[in-house]
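Subject: Structure handover

Hello,

Here is the structure we talked about. Please open it alongside this message, and my notes follow below.

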Amino acid sequence: MTVAIAAADVKKLRELTNAPMMACKTALVDADGDMDKAAELVRERTGAKMDARAADRTAGEGLVHTYLHTPSPGMPAKVGVLVQLSTETDFVAKAESVQKLAKDLAMHIAASKPLVVSEDQVDAAMLDKEKEFARKEAIEQGKPENIIERIVEGKVKKVYEDWVLLNQPFVLDGDKTVAQAISDVQATVGEKLEVARFARFEVGH
């Protein structure tokens, strides 16, 4: 039995994916009216076009997720995290996959202790100190100049992996970075997602 598809749902999926109306209606029919499944079908059928459009759009909506970590049951929380995940629409902010992503990101931040969201937010002076330390250490070890440059580049990469949220290995899947984990969900919902900011609090620090 074919599920009746409301015009309002087709419009929502159209706004969500920027796909043609007929493609949205067909996806909703094939997904039996399930909006998340329909969005996934549209993504699969339109391919990279949706991802490219998402990169140019503004994520002006979203949600804030809170996470408290307790060392053991019955004990007070020792670590707290606030993370703001931006979306293009309130509709997508309510999606189960996006809600789960926000929760997973908060847990990741609690465990991995990033300092900033992206590379461009890294303090240049702090990065220069790390590079200078790596260079000085390599020189003292008698490394040739071409090797020294590689060592410094490796140090910069390691700093980004340690300090930058998007560059860190995702705690729930070490085979991908946080940026890749976000991209996977973005591809599913067909809408731009980005971490706007976060705050991490820890007792004693």
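Glu145 is partly exposed, with a relative accessible area of 47%. Partly exposed sits between buried (under 20% relative accessible area) and exposed (over 50%), using a 1.4 Å probe and protein chains only.

First, the ground rules. This is a predicted model, where local features need pLDDT of at least 70, side-chain atom pairs count only at pLDDT 80 or more, and totals for chains, interfaces and linings use all residues. Residues are numbered from 1 along each chain as its sequence is written, and side-chain values use heavy atoms, with hydrogens and water left out.

Now the charged pairs. Side chains of opposite charge can pair when their charged atoms come close. The structure holds nine salt bridges. The term means a side-chain nitrogen of Lys or Arg within 4 Å of a carboxyl oxygen of Asp or Glu.

Glu145 forms one of them with Arg135, at 3.4 Å, N to O. Glu145 lies in helix α8 (residues 145-163) and Arg135 in helix α7 (residues 124-140), so this pair ties together parts that are 10 residues apart in sequence. Helices are DSSP runs of H or I with at least four residues, numbered from the N terminus.

Arg135 also has a salt bridge to Glu149, at 2.6 Å, N to O. That pair links distant parts of the chain, with Arg135 in helix α7 and Glu149 in helix α8, 14 residues apart. Arg135 is partly exposed at 24%. Glu149 is partly exposed too, at 30%.

Another salt bridge joins Asp173 and Lys176, at 3.8 Å, N to O. Asp173 is partly exposed at 27%, and Lys176 is partly exposed at 22%.

Next, a helix pair. Helix α6 (residues 96-112) packs with helix α9 (residues 178-189) at an angle of about 170 degrees, and their axes are 10 Å apart. Axes are lines fitted to C-alpha atoms, for helices over the stretch in contact, and angles run from 0 to 180 degrees between N-to-C directions. The two helices, α6 and α9, are therefore roughly antiparallel, a label for angles over 145 degrees.

Which residues meet there? On the α6 side they are Ser97, Val98, Leu101, Leu105 and His108; on the α9 side, Val178, Ala181, Ile182, Val185 and Val189. Contact means heavy atoms within 4.5 Å. The residues of this contact divide into eight nonpolar, two polar and no charged. Here Ala, Val, Leu, Ile, Met, Phe, Trp, Tyr, Cys and Pro count as nonpolar, Asp, Glu, Lys and Arg as charged, and the others, Gly among them, as polar.

Best wishes

Key. Angles under 35 degrees count as roughly parallel, over 145 as roughly antiparallel, 65 to 115 as roughly perpendicular and the rest as oblique.
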